[in-house]
Amino acid sequence: MRKGLLLTAASVVLVSSLTACGDDSSSNDSDSGSGSGAKPKIGVILPDSKSSARWETADRKYLSEAFKAAGVEYDIQNAQGDKQEFQTIADQMITSGVNVLVIVNLDSGTGKAVLDKAKGQGVATIDYDRLTLGGSAQYYVSFDNTAVGKLQGEGLSKCLSDMKAKKPIVATLNGSPTDNNATLFADGYNGVLGPKYKSGDYVKGPDQSVPDWDNAQAGTIFEQMLTSEPEIGGVLAANDGLGNAAIAVLRKQNRNGEVPVTGQDATAQGLQNVLAGDQCMTVYKAVKKEADATAKLAVSLAKGEKGETNAAVEDPEGKRKVPSVLETPVAIYKDNVKDVVDDGFVTAKELCTGKYAALCAKAGIK
C-alpha cells in the first residue's frame with residue numbers, strides 16, 4: 001500500500017462569487033476571459049459510471065449547474081473506465097481550447113500523462129476527488145479521505161458492539177489498488193480496526209482489493225472469502241457498490257442483516273440497504289460542496305486568477321505539497337438517513353420505492 005497523504009492547514013475561503021449562465025458541452029455568450037484574454041473554457045473528465053452512480057447522478061449535475069451559474073463554456077465527458085478514451089478526451093479538450101482541465105484519474109499513470117500534456121500546453125489543471133500521485137495538478141479538491149475510512153472503521157465497530165458480537169471475524173473489501181483514495185480509506189479504517197485485531201477483540205479475516213472498484217468482481221471475491229472463512233461476522237466494504245455485492249452474497253445464505261457491512265457514497269441503493277438493516281452504515285460526502293468548490297476554483301483559474309485553498313496534501317511520489325480544498329465527510333446510520341434526503345443529494349422519490357416506502361416513513365422521510 002502506498003503511504004497515505006498528509007494534511008496541513010492552509011488558507012481559507014474559496015474564490016470570489018460567480019455570475020451568469022452556461023451549457024453542458026456547449027458555448028455561450030460570456031465575454032469574461034482569462035488573464036491572457038482567452039474566454040474561460042473548462043474541461044472535466046469523469047472516470048466511469050460503473051464504480052459508483054455518483055459520477056453521473058451527482059458530480060455531472062452539480063458541476064454543470066455551477067458552470068452554468070458562472071456563465072462559462074464547459075465540456076464534461078466520461079471516460080467510462082477506458083484509459084485510452086480518457087487520454088483521447090483530454091487531447092480533444094486541449095485542442096478545443098480549454099484553459100482549465102479538471103480530471104478524476106483512472107490511475108495515476110494515465111492521469112499524470114494527461115496532466116503533464118495539459119501543463120505543456122499552458123492549461124491549468126485540477127485533480128478532482130482523486131489525487132494523481134506523481135502528477136502535476138496545480139490544485140486538488142476532495143474530501144478528507146483518511147477521515148472517510150476512519151468513519152467506516154468506527155461505524156463497523158459501533159454496529160458490532162450494538163450486536164454484542166464476540167471476537168468477530170472481519171473481512172475487508174478494499175477499493176481499487178490503482179486509486180489513491182482507496183489507500184487513504186484503508187489508512188483510516190485500519191487505524192481503527194488494527195488495535196482491535198491486536199487486542200484480540202476482533203479477528204482479522206480475508207482482506208482483498210477489488211480491481212477497478214468492480215462490483216461483479218467484488219461479489220466473486222466475497223463468495224470466495226465466505227468459502228474460505230464461513231464464520232465471517234463483519235464486512236468492511238470500501239463503498240456502497242462493494243457493500244451491496246457482499247450483501248447479495250449474504251442474502252443467498254439468509255445472513256443479510258446478521259453480518260454488518262459498511263459502505264460509502266450514500267447512494268440510493270446504499271441508503272435503502274441501511275434502512276432495511278442489511279447495511280450497517282455509509283459515508284455521505286456532500287458532492288455538491290466538492291463540485292461547487294471545484295467550479296469556483298476552475299473559473300478563477302480560467303480568468304487568470306489564483307485560487308484559494310484550505311489545506312495542503314502531500315503527494316508522496318511527487319514529493320510535493322499540493323494546494324487543496326478538502327470537505328468533511330459524515331457517517332450515516334439508519335437514524336440519520338433523512339439528513340441525506342433533506343440535503344437534496346438523494347430524493348425521497350428514488351429512495352422510497354416499493355418495500356422501502358414504509359421504512360422511509362418510519363425514518364421520517366416524506
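A residue here counts as buried when its relative accessible area is under 20%, as exposed when that area is over 50%, and as partly exposed in between (1.4 Å probe, protein chains only). Keep that in mind for the walk ahead. This is a predicted model, so local features need pLDDT of at least 70 and side-chain atom pairs count only at pLDDT 80 or more, while totals for chains, interfaces and linings use all residues. Residues are numbered from 1 along each chain as its sequence is written, and side-chain values use heavy atoms, with hydrogens and water left out.

Let's start with the sulfur links. A disulfide means a pair of cysteine sulfur atoms within 2.5 Å, and by this rule there are two of them. One joins Cys159 to Cys280, with 2.0 Å from S to S. Helices and strands are DSSP runs numbered from the N terminus (helices: H or I, at least four residues; strands: E, at least two).

Count the bonded cysteines along the chain and the pattern reads 1-2, 3-4.

Two strands pair if DSSP finds at least two bridges between them. Here three strands make an open sheet in the order S9-S8-S10, with parallel pairing. Strand S9 (203-209) and strand S10 (232-237) are the edges, each pairing on one side only. For angles, axes are lines fitted to C-alpha atoms (for helices, over the stretch in contact), and values run from 0 to 180 degrees between N-to-C directions. Neighbouring strands in this sheet are turned by 20 degrees against each other on average, direction ignored. Strand S8 (residues 169-174) is joined to the parallel S10 by five bridges, and Thr172 stands opposite Leu236 in S10.

Helix H6 (residues 215-228) lies across S8, S9 and S10, running at about 160 degrees to S8.

Last come the charged pairs. Side chains of opposite charge can pair when their charged atoms come close. A salt bridge puts a side-chain nitrogen of Lys or Arg within 4 Å of a carboxyl oxygen of Asp or Glu, and the whole structure has 17 of them. Among them is Arg54 with Asp59, whose closest N and O atoms are 2.8 Å apart; Arg54 and Asp59 are both buried. These two also belong to a salt-bridge network with Asp129 and Glu290.

Lys285 meets Asp265 at 3.7 Å, N to O. Lys285 lies in the loop between S11 and helix H9 (287-302), and Asp265 in the loop between helix H7 (240-252) and H8, so the pair ties together parts that are 20 residues apart in sequence. Both Lys285 and Asp265 are buried.

Methods
Contact means heavy atoms within 4.5 Å.
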